[in-house]
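Here is a brief report on a structural model. Please look over the sequence and the fold first.

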Amino acid sequence: MDQKGYRRGSYQSSTSDEDMVEIAGASLDFSMADDDPPLDREMGGFSSYNGGGMNGTSKMMDFLEEPLPGVGTYEDFNTIDWVREKSRDRDRHREITSRSKESTWALIHSVSDAFSGWLLMLLIGLLAGSLAGLIDISAHWMTDLKEGVCLAGFWFNHEHCCWKSNTTFTDRDKCPEWKSWSQLIIGHGEGAFAYILNYFMYVMWALLFSLLAVLLVKGFAPYACGSGIPEIKTILSGFIIRGYLGKWTLIIKTITLVLAVSSGLSLGKEGPLVHVACCCGNILCHLFTKYRKNEAKRREVLSAAAAAGVSVAFGAPIGGVLFSLEEVSYYFPLKTLWRSFFAALVAAFTLRSINPFGNSRLVLFYVEFHMPWHLLELIPFILLGIFGGLWGAFFIRSNIAWCRRRKTTKLGKYPVLEVFVVTAITAVLAFPNEYTRMSTSELISELFNDCGILDSSKLCEYVNDFNSTKGDDLPDRAAGPGVYTAMWQLALALIMKVFITIFTFGMKVPSGLFIPSMAVGAIAGRLLGVGMEQLAFYHHDWVIFNGWCSQGADCITPGLYAMVGAAACLGGVTRMTVSLVVIMFELTGGLEYIVPLMAAAMTSKWVADAIGREGIYDAHIRLNGYPFLEAKEEFSHKTLAMDVMRPRRNDPPLTVITQDSMTVEDVEAIINETTYSGYPVVVSRESQRLVGFVLRRDLIISIENARKKQDGIVSTSIIYFTDHSPPLPPSSPSMLKLRSILDLSPFTVTDQTPMEIVVDIFRKLGLRQCLVTHNGKLLGIITKKDVLKHIAQLANQDPDSILFN
Amino acid sequence: LSPGCEFLFPQALMMSAQCTWRCANSLLLVALLCCILLLPAQASKSSEDIRCKCICPPYRNISGHIYNKNVSQKDCNCLHVVEPMPVPGNDVEAYCLLCECKYEERSTTTIKVIIIIYLSVVGALLLYMAFLVLVDPLIRKPDAYTQPLHNEEENEDARSLATVPTPSGARANTVLERVEGAQQRWKRQVQEQRKTVFDRHKMLS
């Protein structure tokens with residue numbers, strides 16, 4: 001038999017986490033790789049699943065009762081067993097508590113174990129906040145690098161370069177230290193040639209940044225591309241993707257995120273920041289045994305890290321926790337809520353002390369006005385909500401169609417060329433229009449801004465009548481020519497952003513979705529707001545304006561419309577509800593605008609849900625075929641367990657292992673011939689009475705270890721899973737006891753159980769597989785993949801798109 | 001700045017020759033953490049980094065002007081900053097109502113340090129990529145590993161697995177061999193990831 005063959009097929013081709021034992025050297029390097037404290041080794045209940053703790057009395061005899069490193073770990077692209085992980089953690093906790101009464105050292109150990117969670121949250125917050133500060137400052141600088149350079153110190157961006165110099169009132173943005181590229185190269189900044197030179201340099205820098213980004217991603221960490229949120233959602237529901245949250249992915253994602261944002265592409269950095277924060281969480285978990293060894297506890301930490309990520313992206317700690325609860329996490333115990341909030345606060349505080357934007361604000365587009373609004377304005381707000389919903393549904397459909405084309409046709413074979421072409425198109429189209437030339441965050445900031453008397457931007461160029469100015473209280477004014485120019489430029493920017501984001505999201509560079517959606521919504525909102533403002537100015541006598549908008553009063557705030565539009569579009573794309581409203585109200589710093597925001601968010605969600613059921617992240621999960629069991633949808637069909645279980649009527653019978661009558665050779669043959677991830681163990685083939693369930697990986701490791709280390713084990717040795725060895729003639733070879741890897745309490749349902757209940761069980765308990773019995777005898781098995789395929793089939797989707805197990 | 005910042009690559013484990021893997025990983029993380037945490041601590045506020053900025057619009061026949069002055073936050077208002085006052089005494093209040101004063105602070109040290117760290121990391125990564133693409137195939141035996149930037153074929157799987165554990169029986173004792181082993185493992189990992197994402201499009205489309 002080809003031992004090397006089956007070993008290779010099962011796990012050697014899988015990538016190994018740096019702390020997971022290298023199975024190739026599993027028989028040699030146990031001592032080197034496994035330096036856990038002795039406490040874990042003595043826990044006999046480490047790999048037994050019933051909560052009973054220690055195994056039977058024969059423990060003393062068999063050194064195989066000691067848990068082997070590697071047993072209890074998972075292969076890449078497999079689902080974890082939540083029940084097993086949780087019971088393991090409970091065993092560990094029980095062990096530590098019982099030992100803490102013995103000595104002071106053990107007591108200290110138990111106290112430190114309890115506090116390790118909080119320490120971990122603190123470290124995650126610090127690291128996530130620092131990385132976010134680094135990303136913000138570098139992105140700010142590199143974005144301005146496309147336009148010019150600062151002679152007073154090349155590390156300053158435009159705003160900081162002009163900080164020290166004395167600018168005049170009329171030319172507030174110009175200062176002698178900041179030189180645009182044409183000024184550097186040919187000495188002056190005016191004229192057609194200078195414009196062309198600036199254009200050329202802008203496109204060159206953009207291409208350089210994006211090419212660098214895609215080459216770094218391809219060369220060092222291919223998992224660093226995309227947004228990251230769909231994959232993190234899948235990981236948090238129990239899937240394993242080795243290397244997705246590793247240190248190389250972290251480094252490359254941080255570096256290339258800055259490059260991608262600076263290259264002027266229509267993408268944001270909020271989604272990738274969640275990925276960065278989860279990488280920090282995963283890496284820091286390795287410092288603590290409690291979290292390193294237990295996949296379920298680790299996912300609690302990752303939920304908290306995701307909250308910290310959103311918190312630094314928006315400066316909204318509460319919004320971050322709610323985002324993690326609503327969008328990203330699968331199981332969110334109450335303990336995690338408090339810890340997530342702590343991590344989010346620490347991250348926000350760290351970012352604030354790094355102070356990336358120079359005014360103690362965490363986000364560039366923090367809003368500070370508190371102008372009142374009127375109930376009649378709810379009508380345009382709801383209109384914005386409808387626009388947001390329509391745009392969201394349109395975007396999801398087109399983006400998924402484009403991504404599917406990228407996946408299946410030749411387009412996907414040229415990722416570097418694709419990034420190059422998209423960046424070239426974006427840069428060439430973006431430069432002429434001032435509103436697309438600036439970075440998207442600055443655009444949003446300008447759109448959210450309420451025009452005061454001191455604003456010099458084109459958007460605020462109203463016809464000022466200084467005689468009627470009382471203090472700094474502005475009346476409503478007619479739009480000047482600057483505003484009209486700004487309007488059509490913004491309209492062009494809107495069209496460009498709507499279309500180019502479809503092709504940008506999902507490319508092989510880190511790309512986020514929040515900022516482009518908010519930009520689209522802000523532009524639409526501002527256009528509507530200025531329109532309403534001018535309508536109110538020219539037609540004070542109309543019935544709708546008569547009551548509340550008298551002559552000379554400034555009653556409509558276009559900045560508020562921009563904010564509501566941004567919330568509507570973001571809600572339409574991601575289908576966030578509570579977290580969106582909380583993030584927006586944390587951005588504005590007050591509860592005044594909560595009603596307009598809620599109205600727009602609800603409207604956009606209803607409109608978008610009427611057109612298509614899924615948000616963008618769920619749509620991407622389905623596109624990639626991840627095994628994600630949707631927790632929010634009801635299963636409403638009347639099928640039974642026996643319709644879904646395997647084997648079906650025409651299939652060969654279920655592959656089982658008997659409890660004490662199979663040899664090592666037989667078991668290895670079964671492992672070789674089939675690819676199932678686990679096998680039920682029955683009393684005998686005739687009775688088919690269930691004993692337990694054993695996992696493929698554990699079997700392989702144990703058999704291989706036994707062949708090497710235990711003497712007398714040959715191919716004809718009997719494997720037994722019972723407590724006491726079966727009686728055999730004395731001339732037979734020594735037997736192999738594998739009771740320690742057997743799960744004695746597998747979940748079973750009867751064949752008449754409705755699938756509603758089965759799906760509920762899978763969701764609530766996080767099962768990977770469930771055995772089906774009939775009259776007490778084992779009949780078949782239902783795996784999570786079968787459930788997902790069944791749901792897909794009933795929803796008339798392609799059941800073969802579920803790729804992973 | 002602590003030299004721990006440069007310890008971002010597996011090769012850097014050469015320095016921690018006495019430690020096992022776990023110890024080295026912890027050291028790496030602690031070094032990274034303290035180097036990152038040192039940044040806000042080093043951001044000292046020099047006097048050129050705080051200011052109060054008052055913008056005053058045009059008023060009657062006086063043109064608009066911007067006033068900067070280095071004062072503390074409680075003194076940041078029109079009366080302290082706008083000097084010389086362009087309007088006579090009884091108009092000062094009306095003029096000051098129009099002016100908008102903001103207190104701003106920044107840290108030039110932080111900005112400089114962060115940009116320099118960022119550029120050095122990018123430079124180091126580019127150098128490493130150049131090394132892997134150009135120099136590495138010449139040093140190594142020719143059958144081991146092809147250029148990492150091209151799409152891989154399916155039979156690479158068999159070849160790389162066959163060549164990987166060449167000292168399969170012997171323990172990787174010396175630090176250099178351990179580093180070699182780590183680098184080979186990492187390369188295999190990246191190859192697998194590249195196949196999953198770029199070739200088979202199984203993930204992240």
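This is a predicted model: local features need pLDDT of at least 70, side-chain atom pairs count only at pLDDT 80 or more; totals for chains, interfaces and linings use all residues.

Residues are numbered from 1 along each chain as its sequence is written, chains are lettered from A and ligands numbered from 1 in the order in which they are written, and side-chain values use heavy atoms, with hydrogens and water left out.

| Chain A property | Value |
|---|---|
| Chain A, buried share of 805 residues | 61% |
| Chain A, accessible surface | about 31600 Å² |
| Chain A, carbon and sulfur share of that surface | 61% |

Buried means under 20% relative accessible area (1.4 Å probe, protein chains only). Accessible areas come from the Shrake-Rupley method with a 1.4 Å probe.

Now the helix pair. Helix 16 (residues 378-408) and helix 21 (residues 514-538) of chain A pack at about 150°, axes 11 Å apart. Helix 16 of chain A is therefore roughly antiparallel to helix 21 of chain A (angles over 145 degrees count as such). Contact means heavy atoms within 4.5 Å. Helix 16 of chain A contributes A:P380, A:L384, A:F387 and A:W391, while helix 21 of chain A contributes residues including A:G525 and A:M532.

Last, one residue of chain B. B:D136 lies in helix 4 (residues 108-139) of chain B. B:D136 is buried, at a relative accessible area of 5%. Not counting residues up to four places away in sequence, B:D136 touches B:F131 and B:K187.

Note on methods: Helices (H or I, at least four residues) and strands (E, at least two) are DSSP runs, numbered from the N terminus. Buried means under 20% relative accessible area, exposed over 50%, partly exposed in between (1.4 Å probe, protein chains only). Axes are lines fitted to C-alpha atoms, for helices over the stretch in contact, and angles run from 0 to 180 degrees between N-to-C directions. Angles under 35 degrees count as roughly parallel, over 145 as roughly antiparallel, 65 to 115 as roughly perpendicular and the rest as oblique.
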